[in-house]
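Trainee: I'd like to walk through this model with you, one question at a time. Shall we put it on the screen?

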Amino acid sequence: MLSNVGNLLLSLNILIGISIIFFSIKSLEDRTDLIGKNIYNLCLFQSTSIITCFFTLIAAFIISDFSLITVYQNSHSLKPIFYKISGTWGNHEGSLLLWAIILTIFSYLFLLINNKHPKRYRIYTLIIQNILIIGFLIFLLFNSNPFSLILPAPKEGLGLNPILQDPALAIHPPLLYIGFVGSSIYFSAAIASLLTDYSDKQFAQSIKNWVLLSWSFQTIGILTGSIWAYYELGWGGFWFWDPVENASLLPWFAMTALIHSLIVLEKRNLLYFWVIILCLLTFILSVTGTFLVRSGILNSVHTFANDPTRGAYILIFLSLMILASVFIFFKKFRSKNYNVNSNSKETFILINNWFMIFYLITVLLGTVYPIFTEVLSDNKVSVGPPFYNTVIIPILVLFLYFMSLGPQARWIKNQFNNLKSIVIILFGSILMNFVIVYLFESYSVLSNFIIISSIFLIFSSIKDTIKLFKNKDFNFSRIVSHTAFGFLVLFIGLNYNFSLEKDFNLKVGETKKFDNYSIKFKDLNLKVFKNYKAVIGEFKILNLRNNSEQSLTPEIRIYENPSTLTYEASIRTGLLKDYYITMSNIDRSDYYNIKFQKKPFMLWIWISVIIISLGGFLRLFKNGNKNY
Amino acid sequence: MGIKIIKLLTFVIVLFIISVFFISLNKSSFYNTKVLEGQKISGINLNHFSEDRTIIEKDLKKNNFTLINFWASWCGPCRLEHPFLLKLKSEKKLNIIGVNFKDKKSNAINFLKELGNPYNELAKDEFGRQSINFGIYGIPESILINKDLVILKKFIGPISKKDYNFIKNVIKKK
């Protein structure tokens, strides 16, 4: 039953999409400046029916209707209700439905909110967006249908992969999708802008809130994925340069560049075509990421079951999108002579864009390089963290300095008359760095540079804040994000240098001492649970420097049927550092193998990223009061 | 003039990228493992899953045939091939070595707890590094070797009914 309802709604949505395009084209012919009521109603109807469609799928998951293949493969009747619901988008088909929803809702909201802009521009945006919607719906209906039936219906489902049953991961896809699927709306708007010659300042105003919205959500979405990797995969790391992580980072770089260059377009009417390129690029990269991940040509944690036809469809869709947008772009492109002073805010913002594009190209190359070498030379290579770290980190130092100086520069023509304070801040940061080295331990030259420049950014931002307060200007969003970025780099730098990892063997009652730590294996308890027995170790970690004590309880679980062992890590998250212990038994011995890790400032890495995105939301709320 | 070159270049690059993607798409579905057959594997050094030791070439010579199966608890198709692996477990002349790929230990153990453990020996490859040496392309994959460490067949994707019969036949012939 639910299958029929779902399929009906999907088909209905395609029809609505076609009729929206039809009525939109018709409304271009009449001479009024108003968009007809029928189009508004159709768009509202479209959003309502796709949401209903999604709720139908959620309902199927909640009542465990295993006659649907998607539910059968990804759910289980005994699963907690929270994970039954999150299972809806924890799979290929359901997540594509989420794609379609965001495309549709953004389309409707853009029509509704941006009502001060000319009709032709809005109608064209609507048409392009609906072409995208129809493309995805056809893919959904014919290739990745979440409502496909399985006959006869199985009694029990296969269950959601336990590794995916995690609160951070449950909210990760929706947040990330608002980010990179949301970028579709400025892709459509950019093409509409080219087609209707609606450019410059007004265009910038019409899309800037959408860019901010998607950027803020994208940032939070990447964060939740990273938190999940840290706690659930349990390797003690939070970023692995996995192809899928990269796929989410690529549009983020493009969006970040776009946010900055939009400011130039709005304030100075420059860089119009560059802004258009970034608008197009962001969504193209989002779809490319989806292609790389879903087609299965890259091997990663997110790879769903491989299906070549699926990849072929997305690739055809992607190719049409790229070729059409490149064609329209060149048709409308007029080279303009910009007179930009090399010492001005405009230049600094352009420098930000160069850096972003540099990062983007680096990560893109690292991600697709293995595919290219394999096709062209039959060599299999794997690009790992060393590549990204050596290319990206040294450049980061320069980037941080520009990021500190850029915001203080003036439009048109800048003069550095505050050279004295820059030098003072620089010396302050160097001093601070050596205080850290003196108090704790020394680290590599490159780490010194990174930490100095991140502190430089933080100090400069604080100085900016004071200046803003003096001028009674309360536009903090930029400073919030920039300062938080400085802190993020600082904490990652400190985390990298001050992490501690030790592997050793202990038996009950023994104590192991190293560096400033003393780890005591206090006790070993056996507890019997419903379906397993657990050997729970009790460890006291004594920090000899400040005499603080923590107790951790890693477990070895013994399942009876069939007899297997599982090792549960114990992670203690603290204000300044996380402790992490796993223990495993050694055959025919009283000794246990203990893996101990100290990870400083983990909590602050998460908080920094949250504050970075908070800056975006702040600006959004501020802009929300104005009506563009 | 300049703009024309840029236009041309953009189209060429875009077409190039798209065609590489298209080729690789087909490549992965028609991935040919014929060249691997008859080659000898060497330099085996896998970490044991739960014990503090490594699995080396000697361990692969213990039986007439060895099936090295690369799997992970997060991999859906691995569930499909699992019944066949369990059936193969009863073959006396076959040694099955599992390599747990980029997985969390507890999840891997849960997976085996739920579906049964077909492996005579279990190794782990937490970061997917060692599996590269075996030319592992995706998960699941399996390599059938004989006592001389010569690759008889490589199976891309889950072991199917057909693959299962193939393995049984190879063992029977001996």
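**Talking through the model**

Trainee: Why does B:Asn64 count as partly exposed?
Mentor: B:Asn64 sits in the loop between helix H2 (57–60) and strand E3 (65–71) of chain B; helices (H or I, at least four residues) and strands (E, at least two) are DSSP runs, numbered from the N terminus. Buried takes 20 or more other C-beta atoms within 10 Å of a residue's own, exposed takes 12 or fewer, partly exposed is in between, and the C-beta atoms are placed from the backbone. B:Asn64 is partly exposed because its count of C-beta neighbours inside 10 Å is 15.

Trainee: Before we go on, what kind of model is this, and how is it numbered?
Mentor: Residues are numbered from 1 along each chain as its sequence is written, while chains are lettered from A and ligands numbered from 1 in the order in which they are written. Local features need pLDDT of at least 70, side-chain atom pairs count only at pLDDT 80 or more, totals for chains, interfaces and linings use all residues, and the model is predicted.

Trainee: Where in chain A is confidence lowest?
Mentor: Look at pLDDT, the predictor's confidence in each residue, from 0 to 100. Chain A averages 87, with 94% of the residues at 70 or above. Helix H8 (residues 184–196) of chain A has the highest mean, 95, and the lowest, 67, belongs to strand E7 (residues 564–568) of chain A.

Trainee: How far apart are the centres of the two domains of chain A?
Mentor: The bounds come from an automatic or database domain assignment. For chain A they give domain 1 (1–165) and domain 2 (502–602). Taken over C-alpha atoms, the separation of the centres is 47 Å.

Trainee: And how far apart are the C-alpha centres of the domains in chain B?
Mentor: There, domain 1 covers 1–30 and domain 2 covers 35–173. Their C-alpha centres are separated by 38 Å.

Trainee: In E5(B), which residue stands opposite B:Gly98?
Mentor: Strands pair if DSSP finds at least two bridges between them. Strand E4 (residues 94–101) of chain B runs parallel to E5(B), joined by 5 bridges. Strand E1 (residues 45–48) of chain B pairs with strand E5 (residues 121–125) of chain B in the antiparallel sense, over 2 bridges. Opposite B:Gly98 you'll find B:Leu122.

Trainee: How many bridges pair E9(A) with strand E10 (residues 592–600) of chain A?
Mentor: Start with strand E9 (residues 577–585) of chain A, where 7 of 9 residues are buried. With E8(A), E9(A) forms a hairpin that has 3 residues between the strands. On the E10(A) pairing, A:Ser584 has A:Asn593 as its bridge partner. That antiparallel pairing has 9 bridges.
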